[in-house]
Number of protein chains: 2
Amino acid sequence: MPVLNLKSGFADSDDLDTLMAGIGKRARAAGRAMALAPAQTKDLALRAIAEQIRVSAPAILRENARDVSAAQAAGQTKAIIDRLTLDESRVAAIAEAVEKVAGLPDPVGRQLAAFERPNGLLIERISVPLGVVGVIFESRPNVTADAGALCLKAGNAAILRAGSDSHRTATAIAAAMSEGLARAGLPADAIQLVPTRDRAAVGLMLTGLGGCVDVIVPRGGRSLVERVQAEAKVPVFAHLDGICHVYVAEGADLGMARTILLNSKMRRTGICGAAETLLVDAAVAKTHLKPLVEALLEAGCAVRGDAETQGVDPRVTPADEADWRTEYLDAIISAKVVDGIDAAISHIEANGSHHTDAIITDDTEAAARFLNEVDSAIVTHNASTQFADGGEFGFGAEIGIATGRMHARGPVGVEQLTTFKYRVHGSGQTRP
Amino acid sequence: MPVLNLKSGFADSDDLDTLMAGIGKRARAAGRAMALAPAQTKDLALRAIAEQIRVSAPAILRENARDVSAAQAAGQTKAIIDRLTLDESRVAAIAEAVEKVAGLPDPVGRQLAAFERPNGLLIERISVPLGVVGVIFESRPNVTADAGALCLKAGNAAILRAGSDSHRTATAIAAAMSEGLARAGLPADAIQLVPTRDRAAVGLMLTGLGGCVDVIVPRGGRSLVERVQAEAKVPVFAHLDGICHVYVAEGADLGMARTILLNSKMRRTGICGAAETLLVDAAVAKTHLKPLVEALLEAGCAVRGDAETQGVDPRVTPADEADWRTEYLDAIISAKVVDGIDAAISHIEANGSHHTDAIITDDTEAAARFLNEVDSAIVTHNASTQFADGGEFGFGAEIGIATGRMHARGPVGVEQLTTFKYRVHGSGQTRP
């Protein structure tokens, strides 16, 4: 048996291999039990987990305080400390979020399609769990509960890998979850937290632990997602960039354009759905460009523009080629005038990241074209770009936002944590 | 411009890189046009392609004769020569298959879901093409037309890579397809055949050609699929093994069991849906085992069995551990007695390949359990395992059979060559 040393990691990589292989095998076995668990048992477990998180709040906060001190001592940034820090209300919110997942409809066992064949075979397409979901996250300890709860609801087993900074907090939350699972008679291994900070554990998860991991969900910054996408040998649900556009087209109401633009850019600047580029159609540039730019500047947003945009306000600085492909995640926007909807769509296709793009116009035909032709996971008409969220989509919660083309796109809720199988009902049919 | 030398491949790998990058870029551009093509235009193109294949039959057969001679001279196996050889009726069948794809419903633009949110946003989930599909195949030249037609119907661009043996035939078929596309006003680049036999081209496709390939479909033997799964940096739709089981359970009608078993094993032994293992429940072993084994032996199938199976006929040879995990693709079956449905399911989960597994029984409760608990892409009750085919499922045709858990499972028809996007219809909504 490997000897765990949580503080220094594993001296011996064989021990880590053994540890991770064991986690994988237990997850696979637990996943099989979870796939067959009735909806009410899963919901019972979720409610028991929520209760246990509330009961364990003092322990969770104590461990969190240790994580925060260590992060401060290590000189971590204020942003990281903020994401890491829990208080009583945040712990209560974590428990409440888990309870909310219990209230969602069961995504497993739905009949997605059914057809009878001329030979009398009745074929059903039925939703089934994905299997084992590996979640790799950084400093937000609430991901332990959020991701674990969504995986559980969809009948999956989860292997959670917390960042170093949040490891103690995540361990305390995971203990509460195992407790809740056991109380509902489900395998405690259905939600396992990797019990080491050794970064090599991430590499092993990305190989799929010998066929025991079906999908990886990275939750964190760009460098994490890049590493996961480059190294993973199993499918990944993720987005790398959110270079989102607001296109103010011909027929846009100026008031609505201003409101939506400010919300898309400034509601929160650090999220993937925040707008990074404003495109104003030449047809409305004369009336709309100046007030939109001024509204941004007044809201505290720096504007980098093309020549025409620079012309409307001296505070606009020049945009260079790189700006059109930059995800600022900050109070900065790039802005340019485009000559018609084709130019807007071409700009978005050439520079965007296929996350969320919005058109503002009262011209329904132009809106329909934009929604049809822009090849992004989410395209919006007369609505903010900041709706890419499981809660906003009515999915209850999401494990992440995906911009890949396969399987999961946009907010990844419990439904997309399932796949399907075909059930074929015969009466002795053979194939000629 | 790189100088093509189809016989010897590229001396200079820079030239190959340039060639393949160009193919990728043209495919991406063509894919954008295809995604927006109306259903009737795509169907017009498919019918024009079918017609052009018929018109080009003499040229296709001439090139095919050259491929066949070269393969014979190279000492290829009879099986490969068989797969490679076309005649007039096979060319006619290829054209007809393309025409049939034109008759399928358009898989693009379907509303998969729609929901209104409390803030008034109307969110639609709409099917859209995958983008660019890379198809890597070996000696069957008809894959050029089949795969190309399915990709076209689903609004994708296709990059086809033929095996060396079928290269001349594939080139002639691809020329007919480009002609048909152009005649319908669609980009000829929507179906491109890689114009070199250089094997390094496959490696480049597997990297995704700089983001210009969205999914790879390998069509060929195990070594091809293994290489593709190991090296691909993009999603793969494939199956590696088809270790399919027939479980004759308590309550099985002997006559039905015999018919389904023989069909599952012997209809065609070389396909992925062929049964490789017979499981007979202990409850019916006394009455069913001997007649089932004899029926197999009389049909020319070798039987490798456990002790009990060996006991019913001296021609049964002993099965060893490896037999339970072997895909014979031949007239050989492994057979054993299992003690109840749990043992049967455990055996299948431990040894199967999650392709197709069948239960034979009149006990509907046991059948429901089997269909629910066996974690395979296709599970059948009282029906042969050899139905894993787009045609048999009513999908019209399929580009391959997938056993992965994501996105595509079972027969991959035009519907699974699409993904989706969200269209969000607002009236000025911002996020609080």
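**A tour of the interface between chains A and B**

Begin by selecting the contact (heavy atoms within 4.5 Å) between the two chains, to which chain A gives 70 residues and chain B 69 residues. The model is predicted: local features need pLDDT of at least 70, side-chain atom pairs count only at pLDDT 80 or more, and totals for chains, interfaces and linings use all residues. Residues are numbered from 1 along each chain as its sequence is written, chains are lettered from A in the order in which they are written, and side-chain values use heavy atoms, with hydrogens and water left out.

The area buried between chain A and chain B (accessible area, 1.4 Å probe, lost on being put together and summed over both) is about 5800 Å², with 52% given by carbon and sulfur atoms.

Next, display the salt bridges (a side-chain nitrogen of Lys or Arg within 4 Å of a carboxyl oxygen of Asp or Glu); eight cross the interface of chain A and chain B. One of them joins Arg125(A) to Glu415(B), with the closest N and O atoms 3.1 Å apart.

Strand 16 of chain A pairs (at least two DSSP bridges) with strand 13 of chain B, residues 378-383, in the parallel sense over five bridges. There, Gln429(A) has Ala383(B) as its bridge partner.

Finally, move to Thr418(B), in strand 16 of chain B. A polar atom of its side chain lies 2.6 Å from the backbone oxygen of Glu415(B).

Key
Buried area is the accessible area (1.4 Å probe) that two parts lose on being put together, summed over both. Helices (H or I, at least four residues) and strands (E, at least two) are DSSP runs, numbered from the N terminus. A polar contact is a pair of N or O atoms within 3.5 Å; within protein, one must be able to donate a hydrogen and the other to accept it, and residues adjacent in sequence count only if both atoms are side-chain atoms.
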